[in-house]
Amino acid sequence: DLALRFDNIGKVYPDGTRAVSGFTLDIRRGEFIVLIGPSGCGKTTTLRVINRLIEPSSGTIFIDGRDFRQIRPVELRRRLGYVIQRIGLMPHLTIQDNITFVPRLNRVPAAARRTRATELLEMVGLDPAQYLDRYPAELSGGQQQRIGVLRALAHDPDIILMDEPFGALDPLMRDQLQDELKKLQRTVAKTIIFVTHDMDEALTMADRIVLMKEGEIVQVGTPEEMLRHP
Ligand code: ADP
Ligand code: ADP
C-alpha cells in the first residue's frame, strides 16, 4: 500500500546548485522514513519539494498514485503536516490557536478546535487546562517543540514531514521526544518523513533509513541492514 512515490526527482536552484538528483523512492503507508546525510546533501530540499515550497527541476511525486501537480494546494495543505527545527510558533497566538493553526485556516469552528487541541495536548501529557490559553513564550523549549509537532497533527494529515525537529534540544529532552513521537506514530499510524544528520536518532526512529550524499541516495535499508552493511 503505497503512500508516496518519488519518481526521479531533481532540483537545480536558479544559481546552478544541483541540490538533488535522481531521487527515486517508494514509501508505504504508515512507514517511518528517516532521510540522513551530511549538511548540504539535499535533505531539506527534498522535503520542500513534497511540500511544494519549491518546484522540482525534473521528475515528479505521486501521492496515493496521483501526480502531486494535479493536487490543489488546499488539498495538499490538508494532507501534509510540516515540522521544522525552529519551531515557528506564533508568539501572539495562544497554544490552542498555534496547535490548530491549519484548522483555523480551514475555518473549523472554535469549539471543535478547542476539543482537538485538548485531545492532542493529552496525547503528549500536557495538561490542557494549564496550557490551552497560554502563549509560547511561557513554555520551555521542549514544550514548544511538542506544540510544534501537535500543530503538524492537528488537521489529521496523512503525511508528516519533519526537518530536524529535535535538533535544538538537549540530549535528555531529545530522547524523551523521540520516544513520544514513536508512540504517537503507532497511535496515529501516519506516514512520516523525518530529516536528521544524527545516525543514532535515525537508528532509533526509522522503519527505513535513506542515506543521501551530494544530492543522491547512496543506500536504503532498515536500521538492522544499515548496521550490517555500513
Ligand atoms: P541539507 O538539508 O541536507 O542540509 P539542503 O537541501 O538544505 O541540504 O541543501 C542542498 C544544497 O542546495 C546545498 O548545497 C545548499 O547550499 C543548496 N541550497 C539550498 N537552498 C538553496 C537555495 N535557495 N539556493 C541555492 N542553493 C541552495
Ligand atoms: P503566510 O502566507 O503569511 O506566509 P502561511 O499560512 O504560509 O503564512 O504560514 C504561516 C505559518 O504557519 C508559518 O510559520 C508556517 O510554517 C505555518 N504553517 C503553514 N502551513 C502549515 C502546515 N500545513 N502545518 C503546520 N504549519 C504550517
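1. Asp-127 lies in the loop between α5 (110-123) and α6 (128-131); helices (H or I, at least four residues) and strands (E, at least two) are DSSP runs, numbered from the N terminus. With a relative accessibility of 38%, Asp-127 counts as partly exposed. On this scale, buried means under 20% relative accessible area, exposed over 50%, and partly exposed in between (1.4 Å probe, protein chains only). A polar atom of the Asp-127 side chain lies 3.2 Å from the backbone nitrogen of Ala-129. From C-alpha to C-alpha, Asp-127 and Ile-84 are 24 Å apart in space, and 43 residues separate them in sequence.

2. A remark on the basis of these values is in order. This is a predicted model, in which local features need pLDDT of at least 70 and side-chain atom pairs count only at pLDDT 80 or more, while totals for chains, interfaces and linings use all residues. Residues are numbered from 1 along each chain as its sequence is written, chains are lettered from A and ligands numbered from 1 in the order in which they are written, and side-chain values use heavy atoms, with hydrogens and water left out.

3. Glu-180 belongs to helix α8 (residues 171-188). Its relative accessible area is 18%, so Glu-180 is buried. The side chains of Glu-180 and Arg-146 are joined by a polar contact of 3.0 Å. A polar contact is a pair of N or O atoms within 3.5 Å; within protein, one must be able to donate a hydrogen and the other to accept it, and residues adjacent in sequence count only if both atoms are side-chain atoms. When neighbours within four places in sequence are left aside, Glu-180 is in contact (heavy atoms within 4.5 Å) with Val-124 and Arg-146.

4. The open sheet has six strands in the order β6-β7-β8-β3-β9-β10, with mixed pairing. Because β6 (80-84) and β10 (216-221) stand at the edges with a single partner strand each, one side of each is left without a neighbour in the sheet. The twist from one strand to the next averages 15 degrees. Strands β3 (residues 32-36) and β8 (residues 191-196) pair in the parallel sense over five bridges, where pairing requires that DSSP finds at least two bridges between two strands. Ile-33 stands opposite Ile-193 in β8.

5. Helix α1 packs on the sheet and touches β3, β6, β7 (159-163), β8 and β9 (208-213); its direction makes about 150 degrees with that of β7. Axes are lines fitted to C-alpha atoms, for helices over the stretch in contact, and angles run from 0 to 180 degrees between N-to-C directions. Seven of the nine residues of α1 (residues 43-51) are buried, so this helix is largely enclosed by the rest of the structure. Among the buried residues are Leu-47, Val-49 and Ile-50. Just after α1, Arg-52 takes a positive phi of about 65 degrees.

6. Which aromatic pairs deserve attention? Three are found in a search of the whole structure. Rings of Phe, Tyr and Trp (its six-membered ring) pair if their centres lie within 6.5 Å; planes under 30 degrees apart count as stacked, over 60 as edge-to-face and the rest as tilted. The ring centres of Phe-6 and Phe-23 are 5.0 Å apart and their planes stand at 65 degrees, so this pair is edge-to-face. Phe-6 is buried at 3% relative accessible area, and Phe-23 is buried at 1%.
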